[in-house]
Amino acid sequence: MGATDPVKAVEERENRGEEKTEKKKKKKKQRGVKANDEEEGGDKDELNHHRFLANLNRLNPTNPLRIIVNNGGGGRFTTPPPPNPAQPLRSSSRAPPPIQTPPVRAPPPEEPQPPPSPSPPPLQHQSRSLFSQTPQETLASLNSSKYTNKFFLFLFILHKIAAIGFVCFLVFRGVQGLIGSNGSVKRKEQRILRFLLPQVEAASLLSIVLAFSWQMAIRLWPEFMIHFILWSTFLMSLSSGILLLCFQMPATDGVGVSLIAFSIGNGLYACWVTRRIKFCTKILVKSLEPVSKFSDLNLPTYYMLAAGFFWMSLWIFGVIGALNFYFPPLVIIGLVLSLAWTTEVMRNVVNLTVSRVIALFYLRGMQSSTRFSFQRALSRNLGSACLGSLFVPTIEALRIVARGLNLLKGEDEFMFCCANCCLKLMTFIFEHGNGWAFVQIAAYGKGFVRASQDTWKLFEDVDMVEVVDADITSSICFLTGICSGCVCVIVAVAWTHTVYKPFTATISLLAFFIGYLMTRISMALPHACVSCYYACYAENPESRFFDETIKDRQALIKNGRVVVHTPRVRRALA
């Protein structure tokens, strides 16, 4: 018995060692199963990610999710490459640990752990690279929060505060002279209130009616209205000029001669642009097509016309009060310039609103909010509207004068030796400040000068300079304002001449000025639509929203079948 006890003790120790070895093997097997399950789960996540990206690739290009991802990141979805079939998945790349049977009477050695396979980058980094930004304009840039041209915004606000305060002061002086005095000042202001104010207010109301009528007619019958505007402006300006000459008064004779001279120039211009009318009509019809998709697109025009009528009514009382102040002619000239800048800013606010709505439709296929675009035009982009309103009319007028000198110089280099130099200078200035800039100001929130340069560079890149130079849409809008002004002159002058003849010339100028400005505000909508059509085509000529109209025109110009008689500086001489 005593001899067998040590043998039994040894056997028990060996049995316990084998049990421990089996437990260790079971634990290692369980760890291997868990690791394999985790790797298989990771592979399933990768496969699901591939399927998700493949589904995104099948989305319609106009789908909002596809638009956001395309423009927020790359041009397309970039699906990661599928796993190489030559390399097995990670779940199969790890060989199962070999099962080794330890010797019976020796403790089992520790198994060597296989080297861990390099883990792939996490899916988060992979998906982030899919949506990395590109140098192209993204949707985030369309909602720029920067205020453009802040100095001119501050200058306009300061001017407006001073103008409102000064006009209110002049109204107070007018009321004070009407009530407090008993002499000639009171009688003069009574005559003005009785024989001048009704005609001016009537001209304001008539101009609003004409403004809406012109815009509606152009949207309904664009082909007919281009011819009608060209020749009705000629007839109305000629008729109003002859009517003023019939009164046989020195002041009215001067205004009448000016209108007759303008009518002659208008008639010559209508004959000169006859070949351009067909192409201009096509562009106008195509550019007005998106307007029907936005039912509230005309609301900014209504708001600006209402604000313009209210300000003009107050402005008229200020003019009446200026007659009871120092240096009345200088004060009235200052009030006229202030009114011109204010109404031009109102027109460009409408221009920016419509340009943003239509440009986003062309560039992104989006139907943006008119109200939001109107708020941006009145806040963040108002500085550019103020700067453009101050300089664009002057730049375009001087450019027309330079072109006229260039056409008239002929062979007489002594008289017009500076014509080419003036044209070069005005072309350079026009490239840094033009009316086409309002499209990129509204769409991307750029400053006025940068937007002018970028837009003109786009025109040069796609060879559209001659096409946009020959466009007559801005001239049509300008002539519409002239026609409305002449209609207001005829009505107001005929009324004034029957009640109080000395005010005839003054009423004619005020009525013409008011009728022109109010109509120009309403014509901002078709003008903005045409500008968006050209600018957005230059940015993306292959868009599905554009047809072959501009390409056909470019081909005709290159082939010499269409001669553009607009003088410009040659690149070799510039």
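In the predicted model, both Trp436 and Tyr534 are buried. The ring centres of these two residues lie 5.6 Å apart and the planes stand at 85°, so the pair is edge-to-face. Trp436 belongs to the loop between α15 (419–432) and α16, whereas Tyr534 is part of helix α21; the pair thus joins distant parts of the chain, 98 residues apart.

The protein as a whole contains 22 helices and 0 strands. Of its 574 residues, 43% count as buried. Among contacts with a separation of 6 or more, 78% are made by residues 24 or more positions apart.

Aromatic pairs number 29 in the structure. One of them is formed by Tyr362 and Tyr533, which are edge-to-face with a centre-to-centre distance of 6.0 Å and 80° between the planes. Tyr362 is placed in helix α12 and Tyr533 in helix α21 (residues 524–539), so this pair ties together parts that are 171 residues apart in sequence. Tyr362 has a relative accessibility of 4% and therefore counts as buried. Tyr533, at 1%, counts as buried too. Both tyrosines belong to one aromatic cluster, which is formed by Phe294, Phe361, Tyr362, Tyr533, Tyr537, Phe545 and Phe546.

The charged end of Lys160 sits over the ring of Trp311 at 3.9 Å from its centre. For Arg276, the charged end sits over the ring of Trp272, and the distance to the ring centre is 4.9 Å.

Helix packing was examined for α12 and α16. Two packed helices are described by the angle between their axes and the distance between the axes. Helix α12 (residues 328–364) packs against helix α16 (residues 437–444) at an angle of about 70°, and the axes are 8 Å apart. The two helices α12 and α16 are therefore roughly perpendicular to each other, as angles of 65 to 115 degrees are counted in this way. On the α12 side, the contact involves Asn348, Asn351, Leu352, Ser355, Arg356, Ala359 and Leu363. These meet Phe438, Val439, Ile441, Ala442, Ala443 and Tyr444 of α16.

Helix α16 is mostly covered, with 8 of its 8 residues buried. These are Ala437, Phe438, Val439, Gln440, Ile441, Ala442, Ala443 and Tyr444. Gly445 follows α16 and has a positive phi, near 70°. A further case of burial is helix α10 (residues 277–287), in which 8 of the 11 residues are buried, so the helix is largely enclosed by the rest of the structure. In α10 the buried residues are Ile277, Phe279, Cys280, Thr281, Ile283, Leu284, Lys286 and Ser287.

Within helix α12, Thr353 was considered individually. The relative accessible area of Thr353 is 0%, and the residue is buried. When its neighbours within four places in sequence are left aside, Thr353 is in contact with Pro300, Thr370, Ser373, Phe374 and Ala377.

The loop between α11 and α12 holds Asn324 and also Phe327. Asn324 is buried, its relative accessible area being 19%, under the limit of 20% for that class. Residues touched by Asn324, apart from those up to four places away in sequence, are Arg173, Gly177, Val185 and Glu189. The C-alpha atoms of Asn324 and Leu170 are 8.2 Å apart in space, although the two residues are separated by 154 residues in sequence. Phe327, by contrast, counts as exposed at 62% relative accessibility. The phi of Phe327 is near 50°, a positive value in a residue other than glycine. A positive phi near 50° is also found for Asn149, likewise a residue other than glycine. Asn149 is located in the loop between α4 (123–130) and α5 (150–180).

Note on methods. Residues are numbered from 1 along each chain as its sequence is written. This is a predicted model: local features need pLDDT of at least 70, side-chain atom pairs count only at pLDDT 80 or more; totals for chains, interfaces and linings use all residues. Side-chain values use heavy atoms; hydrogens and water are left out. Axes are lines fitted to C-alpha atoms, for helices over the stretch in contact, and angles run from 0 to 180 degrees between N-to-C directions. Helices (H or I, at least four residues) and strands (E, at least two) are DSSP runs, numbered from the N terminus. Angles under 35 degrees count as roughly parallel, over 145 as roughly antiparallel, 65 to 115 as roughly perpendicular and the rest as oblique. Contact means heavy atoms within 4.5 Å. Rings of Phe, Tyr and Trp (its six-membered ring) pair if their centres lie within 6.5 Å; planes under 30 degrees apart count as stacked, over 60 as edge-to-face and the rest as tilted. Buried means under 20% relative accessible area, exposed over 50%, partly exposed in between (1.4 Å probe, protein chains only). A charge sits over a ring if NZ of Lys or CZ of Arg is within 6 Å of the ring centre and within 35 degrees of the ring normal.
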